[in-house]
Every structure is written in C-alpha cells, then in structure tokens.
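This briefing covers selected helices, loop residues and contacts in one structure. The sequence and coordinates come first, and the notes follow by topic.

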Amino acid sequence: MSNAVSSEKLAKDTGKSAGRIGVYLLIAIALGYVLTVVWGRTLSKADNAVLLSFWGMLMGLGAALSPLEQEISRQSAHAALAGRKAGRPAVITFVTSLVAVAVAALFTLIPSVTDKVYGGQFALAVIVLAGGLSFAFQFAARGLLIGQDHVRSYSWLILVEAAVRILVVAALVVAGLTQLYWFAIAAATGSFAWLLFARGAAKLVDPKLDAGEPAKPIVKNMLMLLAGAGLTASVITGYPALVSLLAPGGDKDKLGVLFVALFVARTPLTLMAPVQAIAVPTVVRLSSTEEGKHRLRKLLALGSMGALALAALGAVIGYLIGPWVVRLVYSAKNDPEAWWMAGLVWSSVLLAAMQLLAAVLVAQAKATKVLITWAAVVVATALVLLFFPGDTVVRAVVGLAAGPTVGLLVVMAFVVRGTPEPGNAKPSETSR
C-alpha cells in the first residue's frame with residue numbers, strides 16, 4: 001500500500017513540476033522568437049542571415065549538450081534516493097562534456113568553416129566557443145537541480161537564460177548599438193545565467209563521494225550520449241545543411257520557403273531539454289518500486305500510441321491551416337504547400353515524442369540504444385534524400401517525415417518492450 005501511495009504522490013508531484021517548468025519553458029520559447037524578430041527588423045538581410053547562422057550554431061551546441069543535463073539529473077536522482085549528494089561520476093560526466101563541446105566549437109575556428117558558417121567573421125566563432133563552454137556549466141547545474149527536485153530554482157534558471165538575452169538586446173537597441181557583433185554577444189549572455197545559481201548547484205555535488213568509481217565507463221557512456229545528441233541536431237537544427245549536403249540543387253525559392261516553415265516548427269524542439277531532464281529523475285524514482293515499474297510501462301505504452309495519434313491530428317491541422325499561418329507570420333511571399341506543412345507537423349510531433357522516450361533510455365542507463373535510435377533516424381532520412389524519386393523539395397519533405405517515423409518505431413521497441421531491471425542502475429553504470 002505504501003508503494004502505491006508513494007507512486008501516486010510521485011505522479012502528483014511530477015505533474016506539478018512539469019506544469020511549472022512547462023509555463024517557464026513556453027515563456028522562454030516566446031522570448032526566443034521575440035529575439036529573432038528584433039534582429040530581423042534591425043539588421044540588414046545579409047547580417048541577419050549571418051546572425052541566424054550564428055544563433056543556430058550556438059543553440060545547436062546547447063542542444064547537443066542536453067545529454068549532460070539528463071545524465072547528471074539521473075545520477076543526482078539516484079543520490080537523492082540514497083539521501084546524499086552526487087559524487088565523482090557527475091564531475092567526470094561534466095568534464096567529458098566540457099572537452100567535447102570545446103572540440104566542436106574549436107572546429108568552427110578553422111578559416112574555411114568560419115567562412116561558410118559565419119560569413120568569414122572570426123569573432124562570431126570565438127563568441128560561440130565562449131558560449132558553448134558556458135553552456136556545459138549551465139546544463140550541469142540544471143541536471144543537479146532537477147535531479148534533487150529543486151524545481152523552483154531549475155525553472156527560474158530556464159527563464160533567466162531567455163530573459164537575460166532580451167534585456168541585453170533591449171539595452172543595446174536603446175543605446176543604438178545594433179551592430180551584428182553586439183547582438184551576437186547578447187545572444188551568448190544567456191549561457192552564463194548559471195552564475196546566478198552556481199552556489200545552490202555546487203551544494204548538490206561532492207567530488208569525494210564514489211571516488212572509487214572507474215572513469216573509463218563513465219566517459220564512454222557520455223560520449224555515446226553526446227554522439228546521439230549530435231545526430232539529433234542534424235535532423236532538427238541542422239536539417240537544411242543535411243539537405244544541402246545530400247540533395248543539392250532544386251528550386252532555391254521553394255527550399256527557402258520550406259526552411260522558413262521548418263525553422264518555426266523545429267525551434268521548440270531545441271528547448272525540449274528541460275522536459276527531457278524532468279523525465280529522467282521521474283523514471284529513476286518510478287523504477288525504484290515494482291508498482292512504479294508497472295505504472296511506467298503502462299504510461300510508456302499509452303504515450304507512444306498517443307504520440308502517433310497526435311501526430312496524425314497535427315498533420316491534418318497542418319494541412320488545413322499551416323500555409324496560412326506561415327503567410328501570416330512571414331508575409332505572403334512565403335507560401336508553403338499544404339502537404340509540406342502536414343509532413344512538417346507530423347515529423348515535429350514524433351521528434352518531440354522521441355526525445356522524451358530517449359530520455360527514458362538515459363534514465364535506464366541505455367546510452368547505446370539512444371545512439372542506435374538517432375542513428376536510425378539519420379540513416380532513414382539520408383536514404384530518402386539520396387534515393388527517393390522526385391526533386392529536392394519532395395525529398396526534403398518526405399525525408400523529414402520518414403526519419404522520425406522510423407526512429408519512433410525503433411525507440412518504442414526499446415522502451416515499451418524493455419523491462420527495467422530490479423533496483424536502479426548505479427550512477428556510473430555503462431549503457432546496455
């Protein structure tokens with residue numbers, strides 16, 4: 001009976017936490033859109049294009065670091081169940097991610113890459129490097145906070161990150177400092193929001209604990225998760241680049257319209273990390289009891305079926321009103337075809353569901369299966385872009401719908417059929 005009460009209380013508490021985080025997340029998404037509108041109205045088309053490329057790279061690094069938040073939240077949740085702080089494995093996880101993001105950001109300092117990504121403006125690559133390194137600290141702090149159920153601080157960190165950017169941009173506009181570099185610096189300031197929460201997060205970790213845990217399996221586990229996140233980014237923020245690489249050519253005007261619609265639909269997915277992060281400790285806590293495991297399996301099965309139904313409904317709505325919405329927001333010159341919007345909404349809903357189910361695998365210490373899941377998405381998408389009959393636009397639309405469909409089936413097989421083993425994985429346990 002106590003287990004049932006505990007499970008019911010967990011479900012209630014999780015609902016409250018998700019509600020609070022959801023509200024703050026919606027505000028953060030809205031502030032992100034405001035940011036791009038200010039840039040679009042202030043900068044020239046050429047400078048705005050460069051800044052959006054910079055923004056995509058900066059936020060792409062943030063999205064790629066989401067496994068850091070999830071893994072530390074898993075370790076922190078295990079520590080909370082034992083009534084203690086996270087230990088040395090959390091520190092190793094953080095350092096591994098910090099080095100990985102530094103390598104990725106340094107790659108953009110190569111002159112040929114800087115020319116393509118930032119229009120040859122080296123300073124933007126340096127700002128991305130600084131912002132990416134700071135994101136590692138921020139995501140580690142978020143993981144510690146949510147793992148120990150410090151929902152209020154976690155929610156405020158999400159909001160402060162977005163609010164800082166808007167406040168700095170507003171100050172720059174008032175001061176008349178509307179040059180490209182100033183806006184780029186303002187965009188990067190959000191990644192330093194963790195400094196306001198550093199003291200509270202630091203109290204939740206003690207490097208002296210679990211000092212005997214070997215580093216190698218922790219590093220291997222984290223690198224697999226980061227690789228999976230890189231694949232994720234290639235079909236979310238990096239999809240236009242993937243299309244250009246595998247299916248070059250086609251009607252540039254039509255592709256431009258498609259990518260505008262894609263930007264609108266995919267942007268919320270880059271901010272799914274908080275939702276994934278709360279899912280990880282919830283799964284850890286549910287998996288600590290037999291009754292909780294039964295509830296979890298039921299929720300996963302129903303949720304997976306619900307995602308397919310919601311995607312189908314979204315596709316119908318996208319077909320009916322999607323083109324009108326894009327014309328309303330981005331002017332009449334951006335007029336996508338209805339079937340594009342149906343495929344776009346279908347894929348976006350499935351990608352959101354996949355991100356949540358992948359977080360379940362992270363909670364169960366199954367990073368190998370996370371990597372396989374996202375590899376399946378990328379491979380399916382790439383095959384469509386390379387071999388599907390039709391022009392580039394047709395391949396792009398079919399590819400963005402087909403990849404997540406295959407990926408969802410793969411992750412459903414892993415998650416719904418997988419049975420959590422007795423107890424919980426150790427904080428440093430390697431993935432299966």
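Ala 64 lies in helix H2 (residues 45-64), where helices (H or I, at least four residues) are DSSP runs numbered from the N terminus. This is a predicted model in which local features need pLDDT of at least 70 and side-chain atom pairs count only at pLDDT 80 or more, while totals for chains, interfaces and linings use all residues. Residues are numbered from 1 along each chain as its sequence is written, and side-chain values use heavy atoms, with hydrogens and water left out.

**Ala 64 and its surroundings**

- Ala 64 touches Leu 226 and Ala 229, not counting residues up to four places away in sequence; contact means heavy atoms within 4.5 Å.
- Ala 64 is 8.3 Å from Ala 227, C-alpha to C-alpha, although 163 residues separate the pair in sequence.

**Packing of H10 and H16**

- Ala 227 is also among the residues of H10 that meet H16.
- Helix H10 (residues 215-235) packs against helix H16 (residues 367-387) at an angle of about 25 degrees, and their axes are 8 Å apart.
- That angle makes H10 roughly parallel to H16, a class that takes angles under 35 degrees, with over 145 roughly antiparallel, 65 to 115 roughly perpendicular and the rest oblique.
- Axes here are lines fitted to C-alpha atoms, for helices over the stretch in contact, and angles run from 0 to 180 degrees between N-to-C directions.
- The crossing of H10 and H16 is left-handed, meaning that the near helix is turned anticlockwise from the far one by less than a right angle.
- On the H10 side the contact includes Met 224, Leu 225, Gly 228 and Leu 231, and on the H16 side it includes Val 370, Leu 371, Trp 374 and Val 378.
- The residues of this contact divide into 12 nonpolar, 6 polar and no charged; Ala, Val, Leu, Ile, Met, Phe, Trp, Tyr, Cys and Pro count as nonpolar, Asp, Glu, Lys and Arg as charged, and the others, Gly among them, as polar.

**Helix spans and burial**

- Helix H12 (residues 252-266) has 15 residues and should span 21 Å at 1.5 Å a residue, which agrees with the 20 Å between its end C-alpha atoms; the expected span is 1.5 Å times one less than the number of residues.
- Buried residues of H12 include Leu 255, Phe 259, Leu 262 and Arg 266, where buried means under 20% relative accessible area, exposed over 50% and partly exposed in between (1.4 Å probe, protein chains only).
- Helix H15 (residues 338-363) reaches 38 Å from its first C-alpha to its last, close to the 38 Å expected for its 26 residues.
- H15 is mostly covered, with 21 of its 26 residues buried.

**Positive phi**

- Asp 149, in the loop between helix H6 (122-147) and helix H7 (151-175), has a positive phi of about 65 degrees although it is not a glycine.
- Asp 149 is partly exposed, at 42% relative accessibility.
- Asp 210, in the loop between helix H9 (198-202) and H10, has a positive phi of about 55 degrees and is likewise not a glycine.
- Asp 210 is partly exposed, at 25% relative accessible area.

**Buried serines**

- Ser 155 is found in helix H7 and is buried at 0% relative accessibility.
- Ser 155 touches Arg 20, Ile 21 and Tyr 24, leaving out residues up to four places away in sequence.
- Ser 191 is in the loop between helix H8 (180-189) and H9 and is buried at 0% relative accessibility.
- Beyond its neighbours within four places in sequence, Ser 191 is in contact with Gly 131, Ser 134, Phe 135, Gln 138 and Arg 165.

Methods: Helix = DSSP H or I, 4+ residues; strand = E, 2+ residues; numbered from the N terminus.
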